[in-house]
Amino acid sequence: MTYEFALITESGDQAYLKQVEALVTQFGGTVTNKDEWGEKSFAYRIGKASRGFYHIWTLTGDINMKDLKNRLNIEDGLIRYLFLKREI
């Protein structure tokens, strides 16, 4: 299965992104491509944040999505995320 994983983080800290990548690996996925969009302003505030760092990753593997989403929901530093299943 192949997914596009869009995430918005509070900072562009590479150590934090490695931590998120480790979570993806822990739940059965592999990051095959990373596209960093940089810092962008939001059209409206999300919580207290008005800016965030955008990242688009391509994931492959048999990922346990339910458990991964539950873990990401409690992750500090992650403002929003979205998974899209790619049809190939």
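Two strands pair if DSSP finds at least two bridges between them. Strands are DSSP runs of E, at least two residues, and helices are runs of H or I, at least four, both numbered from the N terminus.

A word on the source. This is a predicted model, in which local features need pLDDT of at least 70 and side-chain atom pairs count only at pLDDT 80 or more, while totals for chains, interfaces and linings use all residues. Residues are numbered from 1 along each chain as its sequence is written, and side-chain values use heavy atoms, with hydrogens and water left out.

Now the sheet. Four strands form an open sheet in the order S2-S3-S1-S4, with antiparallel pairing. Strand S2 (30-46) and strand S4 (78-86) are at the edges with a single partner strand each, so one side of each has no neighbour in the sheet.

Take S1, residues 2-9: eight bridges join S1 to S4, and the two run antiparallel. Within this pair, Thr9 stands opposite Leu78 in S4. Helix H1 (residues 14-26) packs on the sheet and touches S1, S2, strand S3 (49-60) and S4. Contact here means heavy atoms within 4.5 Å.

Next, the inside. A nonpolar core is a set of buried Ala, Val, Leu, Ile, Met, Phe, Trp, Tyr and Cys residues joined through side-chain atoms within 4.5 Å; buried means under 20% relative accessible area, with a 1.4 Å probe and protein chains only. Which residues have the most contacts inside the largest core? They are Phe5, Trp57, Leu59, Leu68 and Leu72, in a core of 18 residues. H1 gives the most to this core, with five residues.

Definitions and conventions: Axes fitted to C-alpha atoms, helices over the stretch in contact; angles between N-to-C directions. Buried < 20%, exposed > 50% of the residue type's maximum accessible area, 1.4 Å probe, protein only.
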